[in-house]
Amino acid sequence: MFSLLVLNGPNLNLLGTREPEVYGYETLDDIVTHLSKVAEEVGSTITHRQSNHEGELIDAIHAARGVHDGIIINPGAFTHYCYALRDAITAVNLPTIEVHLSNVHAREAFRHHSVIAPVALGQITGLGSSGYEWALRALVRHLQKKR
Ligand code: DQA
């Protein structure tokens, strides 16, 4: 049984109505509900947190130490420039998978670079909401191998 922290960054609270042609019609609640079911299926639990504030995401990552086994994070636009978020992930040393709903590499140039990816276990981008599910399954598989 693994405990996973799922973090969503700025503007992701607006999923469902925010540029649905880019991010889809599912709400964050829809995604988290589905993810909880998948977690249960693989014998794990998730704790979800969304914040539009850099410091709150950093605090949540710090608080994950000794509580959660791994992190799934969609850092939103923080992906592209937030070194403090990257440092927090490095500091807690928990396996972390970065998720993006859209294919960031097929979009504006500023989205092509992630400051998070080098400290993440891996990155899933462009698979829509199912990216969160693949991240969860991959993270659990990774944690099982480490046992
Ligand atoms: C995003 C991609 C980011 O570039 C963007 O700023 C977001 C969402 C995605 O899930 O596709 O807010 O992380």
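The side chain of His 80 reaches the backbone oxygen of His 113 at 3.0 Å, a polar contact in the sense of a pair of N or O atoms within 3.5 Å, where within protein one atom must be able to donate a hydrogen and the other to accept it, and residues adjacent in sequence count only if both atoms are side-chain atoms. The model is a predicted one, in which local features need pLDDT of at least 70 and side-chain atom pairs count only at pLDDT 80 or more, while totals for chains, interfaces and linings use all residues. Residues are numbered from 1 along each chain as its sequence is written, and side-chain values use heavy atoms, with hydrogens and water left out.

His 80 is placed in the loop between strand 3 (70-74) and helix 4 (83-92); helices (H or I, at least four residues) and strands (E, at least two) are DSSP runs numbered from the N terminus. With a relative accessible area of 13%, His 80 is buried, a term that means under 20%, with exposed being over 50% and partly exposed in between (1.4 Å probe, protein chains only). Apart from its neighbours within four places in sequence, His 80 is in contact (heavy atoms within 4.5 Å) with Val 104, Phe 110, Arg 111, His 113 and Val 115.

His 80 also belongs to the residues around the ligand, among them Arg 18, Asn 74, Ser 102, Val 104 and Arg 111, where a residue counts if one of its heavy atoms lies within 4 Å of the molecule. Polar side-chain atoms lie at 3.0 Å from a ligand oxygen atom for Arg 18, at 2.8 Å for Asn 74 and at 2.6 Å for Ser 102. Of the 320 Å² of accessible area that the ligand has on its own, the protein covers 99%, as computed by the Shrake-Rupley method with a 1.4 Å probe.

Tyr 83, by comparison, lies in helix 4 and is exposed, with a relative accessible area of 52%. The C-alpha atoms of Tyr 83 and Lys 37 are separated by 33 Å, the two residues being 46 residues apart along the chain.

Finally, consider the backbone. Most residues other than glycine have a negative phi. Asn 11, in the loop between strand 1 (3-8) and helix 1 (20-23), has a positive phi near 75° and is partly exposed at 36% relative accessibility. Glu 19, found in the loop between strand 1 and helix 1, has a positive phi near 35° and is partly exposed at 37%.
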